[in-house]
Structures are given as C-alpha cells and as structure tokens.
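Please keep the sequence and the model in view while reading.

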Amino acid sequence: MIYKKFGEKYLLRFELNDDFQKEFERFATETNVELGNFEGIGSFKTCELGYYDTTTKEFQKKIVSENHEVTSLLGNLSTLEGKAYFHTHVTLGDKAFNTKSGHLYQGTVGATLEIVFEKISGTLERKFSDEIGLNLLDL
C-alpha cells in the first residue's frame with residue numbers, strides 16, 4: 001500500500017494481495033492519524049463479512065472466497081484503548097452482478113483498492129456499551 005497526502009486528505013492505493021487491515025493500521029501508525037473517515041472502491045480476492053444481530057448481540061460471519069468488486073467501502077477511524085480502531089462496511093459485487101454487504105473484518109486485495117481518507121483533527125475513543133453490545137464512539 002502506498003499513500004500521498006493532499007491537505008488534510010490522503011489518497012491510498014492498496015496493491016494485489018495486500019492485507020487490508022494490516023496495511024491500513026500501518027498507514028495510521030506512520031501518519032499518526034487517530035481520527036477520520038474514508039471511502040473506497042476496488043476489489044477483494046477474499047474477505048470476511050459480518051452482520052450484527054441486535055437481539056443476540058453477536059456477529060454472524062461469512063467468508064467470501066472469490067474475487068468481488070468493491071462497489072462501496074465506507075468507514076471511520078477512532079481509537080479503542082489508545083490503538084487505531086477501523087470501523088468499516090463494504091458492498092461487494094460478483095461476476096453475476098449480485099451484491100453482498102456487511103461489516104468488514106478482513107480483506108485480501110484483488111487488482112487494487114483505492115481509498116480517500118479524510119483526517120479529522122483530534123482523537124475520539126470508543127467505549128463498550130452493555131446495552132448495545134458494541135464499542136461505540138464516546139461522544
């Protein structure tokens with residue numbers, strides 16, 4: 001993954017076989033960015049999606065093991081216990097033009113993945129909510 005800064009925004013280009021989460025964490029460490037939002041397009045060779053069931057307070061997970069277009073990738077960066085915490089959702093399209101979507105746990109980049117990351121000044125921690133069962137932004 002390579003990146004370039006333009007004002008308070010960064011353009012990131014992930015390469016074939018990049019581990020999305022690992023490389024995004026490297027970006028946050030190298031740039032000292034702790035808060036922001038991002039969007040992207042590209043492709044994943046494989047990825048793991050999740051759906052949060054508010055009744056059981058558990059994620060249902062699904063492995064997607066064939067190449068899919070990333071038609072929309074959206075998320076934000078905050079911190080959890082002082083470490084970078086990426087909250088990412090993705091919509092994927094397959095060769096039959098069917099879509100899948102959900103919380104993105106892990107992804108291995110296909111041809112490329114292009115992200116626009118907008119830095120927000122400051123920091124914002126997440127805090128676990130017993131009521132919801134998730135780490136929420138502590139506003």
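In which strand is the place of threonine 99? In this predicted model, threonine 99 belongs to strand 7, which covers residues 99–119. Threonine 99 counts as exposed because its relative accessible area, 57%, lies over the 50% cut-off. When residues up to four places away in sequence are left aside, threonine 99 touches Thr91, Leu92 and Gly93. The C-alpha atom of threonine 99 is separated by 9.7 Å from that of valine 70, a residue 29 places away along the chain.

Two further residues are considered for their backbone angles. Most residues other than glycine have a negative phi. Asparagine 17, however, has a positive phi, near 75°, and phenylalanine 97 has a positive phi as well, near 70°.

Where are these two residues found? Asparagine 17 sits in the loop that runs between strand 2 (9–14) and helix 1 (20–31), whereas phenylalanine 97 sits in the loop between strand 6 (83–93) and strand 7.

The accessible areas are set out below.

| Residue | Relative accessible area | Class |
|---|---|---|
| Threonine 99 | 57% | exposed |

How values were computed
Residues are numbered from 1 along each chain as its sequence is written. This is a predicted model: local features need pLDDT of at least 70, side-chain atom pairs count only at pLDDT 80 or more; totals for chains, interfaces and linings use all residues. Side-chain values use heavy atoms; hydrogens and water are left out. Helices (H or I, at least four residues) and strands (E, at least two) are DSSP runs, numbered from the N terminus. Buried means under 20% relative accessible area, exposed over 50%, partly exposed in between (1.4 Å probe, protein chains only). Contact means heavy atoms within 4.5 Å.
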